[in-house]
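User: Hi! Could you walk me through a few local details of this one?
Analyst: Happy to. Have a look at it here, then ask away.

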Amino acid sequence: FRLKLMAEGELKDMEQFFDDLSDSFTGTEPEVHKTSVVGLFLRHMILAYNKLSFSQVYKLYTALQQYFQSDEKKNGIDESEMELTNTEELEGKMENEELDVPLREEDISCSGPLSQKQAEYFLSQQASLLKNDETKALTPASLQKELNNLLKFNPDFAEAHYLSYLNSLRVQDVFSSTHSLLHYFDRLILTGAESKSNGDEGYGRSLRYAALNLAALHCRFGHYQQAELALQEAIRIAQESNDHVCLQHCLSWLYILEQKIFDSCVLLEHSVNKSLHFGLPYLASLGIQSLVQQRAFAGKAANKLMDALKDSDLLHWKHSLSELIDISIAQKTAIWRLYGRRYFVSFELLAKRCFSCTSTMALQQAQTLLSMNSLEAVNVGVQQNNTESFAVVLCHLAELHAEQGYFAAASEILKHLKERFPANSQHAQLWMLFDQKIQFERAMNDGRYHIADSLVAGITALNSIEGVYRKAIVLKAQNQMSEAHKLLQKLLIHCQKIKNTEMVISVLLSIAELYWRSSCHTIALPVLLQALALSREYSLQYLASETVLNLAFSQLILGIPEQALNILHMAIEPVLAHGAVLDKGCAMFLVAKCQVASAASYTAQKKTEALESAILNLNEAKTYFAKVDCKEQLRDVLYFQARLFHTLGKTQERNKCAMLFRQLHQELPAHGVPLINAFK
């Protein structure tokens, strides 16, 4: 009778029913005891009903009416004949036919009071998977479909809107992510969740953090003007509410925006000090990491940077900041890769006895991060540490192996990256860029310039500066000097403007090589000296060594090979110790050229010894070039060796080198550039 009364009556009848249920527990002799089975069930039902929003209550009442009417029409029975055994079957029919909610295990049904917990579990599970192991989460399309089903029945579900925001970020959808983020904070305010947990301050807190998150979103997509406007709004509201924590977050984002315009080191230092003062270790550590990165690009002493990272590590372990521990190790890997071999003041006694190899130390830091386990608890079967730091470190490992000629190992690492970070994941662009760069270098080494040129478009889409630089390299290899020079000049101006010193030096070295190929040897010298000054100013020792090798080559083609040899002996050690295999081969080839040029003024016996020493160096260079399959350089080495064997009267060795040269020459026809006019 009560069910018929509610179905044929009004919404207030259902509300009255739940009020009456509450009264059944009151009085000296209550109808139902709270601790009984029926009492526990009724209390659970009342509690779930009280948590429903107005729209949920209305949809529950509508579903109840449809359930009662469909039962009467189909079975023609009254309420007195209804049995409890039919309840589950009828409820399942209502969920499938009336509400169109799928009943798969991973899906969420929002048809009754119990659906709230199921929905919360689903959302928390997917959010955890997105953070720790994105491959185990639903695909972006599937997850969005499930979220739309949830929001269709319960549009005020704030957490579902936030997960939709995270899902849109996975596919770089700026419109959908902005839409979901705004809806999340709107529902958060409308449902009163913030006000209940934070008192009267909850409404304003939601507004200022909504503006702050919107600024972060615009900054992520490169919309810096919109981000600045949203950040100003967040700062204004936070100042009115005297919210120092929110202001500190705003200050951190203000640094990120301001560094696009000018050097904001002072602003960042102030942010770190304030974060420590207000007890915000996570924010303080992020500030220290950013400060280290900024000072590394500014050429500060590496030992100071390592000391700063050591201090931040103390914060990480003290507060169990697992994610920042990973970032710190990845930062150290990048510093070793950037600076090159150098002494550290804190290890002065050790440094007097041995040298530190950049690639070895970078490899050690990378292995440290990969062997770590997350401090956060995750479910069994979920991979840990699927973060940006891990993606960066794995990309560094792939690049290190490729530089040393271990292309099979680099391919295995990239294959693992593709499995761990699928193409639709947010960190996939990292391995995509490194994969394209490694393929480009292999194509250039093999003389397949048309393939290298086809890869430029992909590199440019992921990193415009790298793409333009590699386009200029292809044009230079194809002897299109004027086009390459125009591109390099434009890139040089742009990199100087944004203070990308490492790329500026690389561009200057390429411009110097263009001058050599155009027989403008004296013009190349000032360009090389500028590159050397920059590399020493910013403590980029490996680039400094490479620049010195280019200077030695300039002296060789200007007719002073003895001076070139003296410079080579000072600069070649860092290259042979931890340089790329291709650079090692080029360095040994240059040494052989200088030895042959210097031997012209020697006595007969001394000249023979010098030529034999040059042949040994050429053999070593040939080994390096063969390791990276650099056929053009191999051809040049074989030509040089054949000439030297002919001079020494070794006919058999000469003929062997000549035969190998001919095979490569037929495969890679020359472009008419003299052999002496190219360092690489």
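User: Let's start with Lys 499: buried or exposed?
Analyst: Lys 499 counts as exposed, at 62% relative accessibility. Keep in mind that this is a predicted model.

User: Thanks! And where is Lys 499 found?
Analyst: In the loop between helix H25 (481-498) and helix H26 (501-517). Lys 499 also has a positive phi of about 60°, although it is not a glycine.

User: Why point that out?
Analyst: Because most residues other than glycine have a negative phi. Gln 172 is another case, with a phi near 60°.

User: What is the place of Gln 172, then?
Analyst: Gln 172 is in the loop that runs between helix H8 (158-170) and helix H9 (174-190). Its relative accessible area is 35%, so Gln 172 is partly exposed.

User: Switching to rings: how many aromatic pairs does the structure hold?
Analyst: There are 8 aromatic pairs. One of them joins Phe 17 and Phe 18 edge-to-face, with 5.4 Å centre to centre and 75° between the planes.

User: Which of those counts as partly exposed at 22%?
Analyst: That's Phe 17. Phe 18 has a relative accessible area of 9%, which is under 20%, so Phe 18 is buried.

User: Which residues form an aromatic cluster?
Analyst: Tyr 162, Tyr 165, Tyr 184 and Phe 185 form one together.

User: Last one: which ring does the charged end of Lys 437 sit over?
Analyst: The ring of Phe 434, with 4.9 Å to its centre. Lys 593 likewise lies over the face of Phe 589, at 4.3 Å from the ring centre.

Technical notes: Residues are numbered from 1 along each chain as its sequence is written. This is a predicted model: local features need pLDDT of at least 70, side-chain atom pairs count only at pLDDT 80 or more; totals for chains, interfaces and linings use all residues. Side-chain values use heavy atoms; hydrogens and water are left out. Helices (H or I, at least four residues) and strands (E, at least two) are DSSP runs, numbered from the N terminus. Buried means under 20% relative accessible area, exposed over 50%, partly exposed in between (1.4 Å probe, protein chains only). Rings of Phe, Tyr and Trp (its six-membered ring) pair if their centres lie within 6.5 Å; planes under 30 degrees apart count as stacked, over 60 as edge-to-face and the rest as tilted. A charge sits over a ring if NZ of Lys or CZ of Arg is within 6 Å of the ring centre and within 35 degrees of the ring normal.
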